[in-house]
Every structure is written in C-alpha cells, then in structure tokens.
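Me: I would like to learn how to read a structure feature by feature. Please give me the general idea each time, then the case at hand.

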Amino acid sequence: MGFTTLTSTAVPLPIENIDTDQIIPARFLKATTREGFGDNLFRDWRYDSNDQPKADFVLNDSTYMGDILVAGKNFGCGSSREHAAWAIKDYGFKVVVSSFFADIFKGNSLNNGLLPVQVTDAFLNELIETVEGNPAAKITVDLEAEKITNESTGNSEPFEINAYKKMCLIKGYDDIDYILSGKEEIEAFEAKRVIF
C-alpha cells in the first residue's frame, strides 16, 4: 500500500556507516521470498549469542516506535544485497531518513516500496535530538510535496526522488504492478494494430 503523506513517531539510530551486513547478516540470506527478514533486522545488534534481546538496543526499547527510522550518515553501505531493504520494510518501517545513502541501497529501497529520505547533516541531527529527547515527537513525510517536517520545531527540508519511483510509492506499485496497471491500454493498442 502506498502513501502520499506519512506522519509518525520515529526510531533513532544515530550510528554512521551502517552497512548492509549489519542491517541483515549474510547468514540470513538463504530465503528467496521477501517475508520474514524483519525478524533478523540488525540481528547481531538486537540479540546476544544466546538469542536474548539486548536491552540497550533501540529496537528492543518500547519507548521508541513508529514507521520512520532516523539513521546516521552513510546508511546502507557495503554489499549490494537487496535483502537489506526487504528486512527494513518487513520489520514495518516505511521511511528511512539519513544525510547520505549508498546508491545501491537507495535503489533497492525504492524498488521495494521503502522511501529513503536524504536530508542535510544539520537537519538529521535536529531530528535525532528531537526524537531522542521526546519519543512521542512526530515527523511528517510529504511524498507528494517532497518535503519532510519536524513537527516539534516546525522546521522542514525538501528531498529529491525520481518521478517514476515517486509515482510507484504513492500508488503502492512495484515495477510489475506498474506494467500491469496499463494492461487495458496495452490490450487496446494491440487490438488496433494491423497485422500484415
């Protein structure tokens, strides 16, 4: 399901250079469907060697929740595994905010219905400080207007997104859904063709 505007609380993860192996460790990449990867999102940070939740990791702290992950600079670096986007989306996040994304991670996210919102370092720091100081603070992501707003301060920043990917996110389409959405037009075009 897509969205045009999302207002939500957020989960702060102010760690820089989070790579795809930290997002979803390689030993969990055996599955071929997208479901279930959220269970192992940040697995080695969330659980100890006895598979017990680490109390000091933010995803194990019920104080913080929401559809938005606010992460440190250079998010999604490392290997090109698409599973990283799958895991974040399957966990329940709809948006990841950072001041820089690895290109391949950004592309994988957009292809899988996860919106990466790139902001300035200063605005990212403001969002992290706001959320850490008040877990009930809300962030609004206006996909149509390409704008993100810190509802606590009223400050906003624009962000960029490819027009085609924006349309797909709003409608909740992947690339196949987009093609299928034009089925009637395709069939009408084919019906008009003259075969010699």
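Me: Which residues of the largest nonpolar core touch the most other members?

Reply: In soluble globular proteins, nonpolar side chains tend to be buried together. In this predicted model, the largest nonpolar core has 50 residues, and F42, F75, V97, L115 and I148 touch the most other members. The elements that give two or more residues to this core are the strands β2 (10–13), β3 (68–71), β4 (95–98), β5 (115–118) and β6 (139–142), together with the helices α3 (83–91), α4 (103–111) and α5 (121–133).

Me: Take V97. What does V97 touch, leaving out residues up to four places away in sequence?

Reply: On that count, V97 touches I68, L69, V70 and A71, and also V117, V119, L124, L127 and I148.

Me: Which residue of β5 stands opposite V97?

Reply: V97 stands opposite V117 in β5. Between β4 and β5 the chain passes through α4, and this β-α-β crossover is right-handed. The two strands, β4 and β5, run parallel and are joined by four bridges.

Me: What is found at the start of α6, and what follows the helix?

Reply: At the start, a side-chain oxygen of N162 comes within 2.8 Å of the backbone nitrogen of Y164. After α6 comes G172, with a positive phi near 75°.

Me: Is R81 buried or exposed?

Reply: Buried means under 20% relative accessible area. R81 has 16%, so R81 is buried. R81 lies in the loop between β3 and α3. A polar atom of the R81 side chain is 2.7 Å from the backbone oxygen of I24. Leaving aside neighbours within four places in sequence, R81 is in contact with T20, D21, I24, P25, A26, L29 and N108.

Me: How does F28 read on the scale of accessible area?

Reply: F28 is partly exposed because its relative accessible area is 22%. F28 lies in the loop between α1 (20–23) and α2 (43–46). Not counting residues up to four places away in sequence, F28 touches F37, N40 and R43. F28 and H83 are 55 residues apart in sequence, with 9.1 Å between their C-alpha atoms.

How values were computed:
Residues numbered from 1 in each chain as written. Predicted model: local features only at pLDDT ≥ 70, side-chain atom pairs only at ≥ 80, totals over all residues. Heavy atoms only, no water. Core = buried A, V, L, I, M, F, W, Y, C linked by side-chain atoms within 4.5 Å. Buried < 20%, exposed > 50% of the residue type's maximum accessible area, 1.4 Å probe, protein only. Contact = heavy atoms within 4.5 Å. Polar contact = N/O pair within 3.5 Å; in protein donor to acceptor, adjacent residues only side chain to side chain. Pairing = 2+ DSSP bridges. Right-handed = clockwise from strand over helix to strand, strands pointing away.
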